[in-house]
Amino acid sequence: MAKPSGLQVRNIIAAVLMAAAFVWNLVIGGPWWVSAIVGVACVLSVASAFLNRPGDR
């Protein structure tokens, strides 16, 4: 298994933080549109980490 690139690590950390923000916003009863934006950003970050695999160049 290849070592993850710096961009992958950054995207994974961002996805984890955004997932935590998504859950926190749901728990406190925040606006639905904030959850939607954070959820889409989390999905895009995970997709970017997947597409930037070091072994797939």
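## A nonpolar surface patch

A patch, as the term is used here, is made of residues with over 30% relative accessible area and no salt bridge, and nonpolar side chains are joined into one patch within 5 Å. In this predicted model, Val23, Trp24, Val27 and Ile28 make a nonpolar surface patch of about 450 Å².

Valine 23, one of the patch residues, is placed in helix H1, which covers residues 6-28. Its relative accessibility is 48%, and valine 23 therefore counts as partly exposed.

## Overall form of the chain

The chain contains two helices and zero strands. Along its principal axes, the C-alpha trace spans about 40 × 15 × 15 Å. The radius of gyration of the chain is 13 Å, whereas a compact globule of 57 residues would have a value near 10 Å.

Of the 57 residues in the chain, 21% are buried. The chain exposes about 4200 Å², and carbon and sulfur atoms supply 77% of this area. Among contacts with a separation of 6 or more, 66% are accounted for by residues 24 or more positions apart.

The buried residues in H1 are Gln8, Asn11, Ala15, Met18 and Asn25. The cover over the buried residues of H1 includes helix H2, residues 32-51.

## The loop between the helices

Just after H1, glycine 29 takes a positive phi of about 75 degrees. Glycine 30 is found in the loop between H1 and H2.

Glycine 30 is 22 residues from glutamine 8 in sequence, and the C-alpha atoms of the two residues are 30 Å apart in space.

Valine 38 lies in helix H2. Its relative accessibility is 18%; buried means under 20%, so valine 38 counts as buried. Residues up to four places away in sequence aside, valine 38 touches Met18, Ala21 and Phe22. Met18 is itself among the buried residues of H1. Between valine 38 and alanine 15, which are 23 residues apart along the chain, the C-alpha separation is 9.4 Å.

Serine 45 is also found in helix H2. At 7% relative accessibility, serine 45 counts as buried. When residues up to four places away in sequence are not counted, serine 45 touches Asn11, Ala14, Ala15 and Met18. Asn11, Ala15 and Met18 are listed among the buried residues of H1. The C-alpha atoms of serine 45 and glutamine 8 are separated by 9.0 Å, although the two residues are 37 residues apart along the chain.

Key: Residues are numbered from 1 along each chain as its sequence is written. This is a predicted model: local features need pLDDT of at least 70, side-chain atom pairs count only at pLDDT 80 or more; totals for chains, interfaces and linings use all residues. Side-chain values use heavy atoms; hydrogens and water are left out. Patches are made of residues with over 30% relative accessible area and no salt bridge: like charges are joined within 9 Å, nonpolar side chains (Val, Leu, Ile, Met, Phe, Trp, Tyr) within 5 Å. Accessible areas come from the Shrake-Rupley method with a 1.4 Å probe; for residues, only the protein chains shown count as cover. A salt bridge is a side-chain nitrogen of Lys or Arg within 4 Å of a carboxyl oxygen of Asp or Glu. Helices (H or I, at least four residues) and strands (E, at least two) are DSSP runs, numbered from the N terminus. Buried means under 20% relative accessible area, exposed over 50%, partly exposed in between (1.4 Å probe, protein chains only). Contact means heavy atoms within 4.5 Å. The radius of gyration is taken over C-alpha atoms; the globule rule is 2.2 Å times the number of residues to the power 0.38.
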